[in-house]
Amino acid sequence: MAIIFEIAYSPPMRTLQEQISEFLLTFWQIGLVVVVPYTLFLWYAQIKQKLSSFKEEIQYNIKNTGTEGNSELLILHGENNKVVLAIKYNQLLYIKSAGNYLELFYFTGEKINKELIRMSFKELDEIISDPKVIRVHRSYMVNTVYINSAKKTKKGYALNIQYIPEEKIPVSFGYKTEFEKILQPKKMSH
């Protein structure tokens, strides 16, 4: 392209050095006009493709855990016994204590949601019926279905939860033995 522009639009130059410098300037300007937007488009297309595959993975996991996991509803009541939140256990990722409140992280479709509910873990323990949702810390409960990895630390473990890789959930010493029981492979009867 730079050669075509150089031939078509270049004024007659006297020296070869002027022609070369004009060609290089034209080449640089065309590069900025063509290469930068093209590169940005490729990055955009790559990010869009990764998001698409992420959405497909979530949909696939929802379908699979929907048949394997507990599809019962976790119903949380607020003041005056009104229903504040009702979700299926297989949508629940983890729960975090925030003072007198609980932060519930769950997904609907392909979106991760956070719900703040005025309740204590003691009250929640009486409601939860799914054995896959366990307490791992005085401030955390996790759905073991969505644990991606468990890394051993000095005090217990650090959990990585599926769909939320930036959150590291601690397993404290007091809950370590109960958590390790879940990590043990199930013995098959012959």
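## Pairing around β4

In this predicted model, strand β5 (residues 111-118) runs antiparallel to β4, and eight bridges join the two. Within this pair, phenylalanine 107 is placed opposite isoleucine 112 of β5. Two residues lie between the strands in the hairpin of β4 and β5, where glycine 109 has a positive phi near 65°.

Strand β3 (residues 92-98) also pairs with β4 in the antiparallel sense, over six bridges. Here serine 97 faces leucine 102 of β4. The hairpin of β3 and β4 likewise has two residues between its strands, and glycine 99 adopts a positive phi near 70°.

## Burial of β4

How many of the eight residues of strand β4 are buried? Six are, taking buried as under 20% relative accessible area. Strand β4 (residues 101-108) is therefore largely enclosed by the rest of the structure.

## Nonpolar cores

The largest nonpolar core contains 18 residues, and those touching the most other members are Leu93, Tyr94, Val136, Val142, Leu159 and Ile169. At least two residues of this core come from each of β3, β4, β6 (133-137), β7 (140-143), β9 (157-161) and β10 (164-171). Another core, of 17 residues, lies apart from it; Ile87, Ile117, Val133 and Met141 are among its members. In soluble globular proteins, nonpolar side chains tend to be buried together.

Which residues does leucine 93 contact, once its neighbours within four places in sequence are set aside? The contacts are Phe105, Tyr106, Phe107, Ile112, Val142, Asn143, Tyr146, Ile161, Gln162, Tyr163 and Ile164.

## The β8-β9-β10 sheet

A separate heading is given to the open sheet formed by three strands in the order β8-β9-β10, with antiparallel pairing. From one strand to the next, the twist averages 25°.

Five bridges connect β9 and β10, which pair in the antiparallel sense. Isoleucine 161 is set opposite isoleucine 164 of β10. Helix α4 (residues 173-183) packs on this sheet and touches β8, β9 and β10. The direction of helix α4 makes an angle of about 55° with that of β9.

Conventions:
Residues numbered from 1 in each chain as written. Predicted model: local features only at pLDDT ≥ 70, side-chain atom pairs only at ≥ 80, totals over all residues. Heavy atoms only, no water. Buried < 20%, exposed > 50% of the residue type's maximum accessible area, 1.4 Å probe, protein only. Helix = DSSP H or I, 4+ residues; strand = E, 2+ residues; numbered from the N terminus. Pairing = 2+ DSSP bridges. Core = buried A, V, L, I, M, F, W, Y, C linked by side-chain atoms within 4.5 Å. Contact = heavy atoms within 4.5 Å. Axes fitted to C-alpha atoms, helices over the stretch in contact; angles between N-to-C directions.
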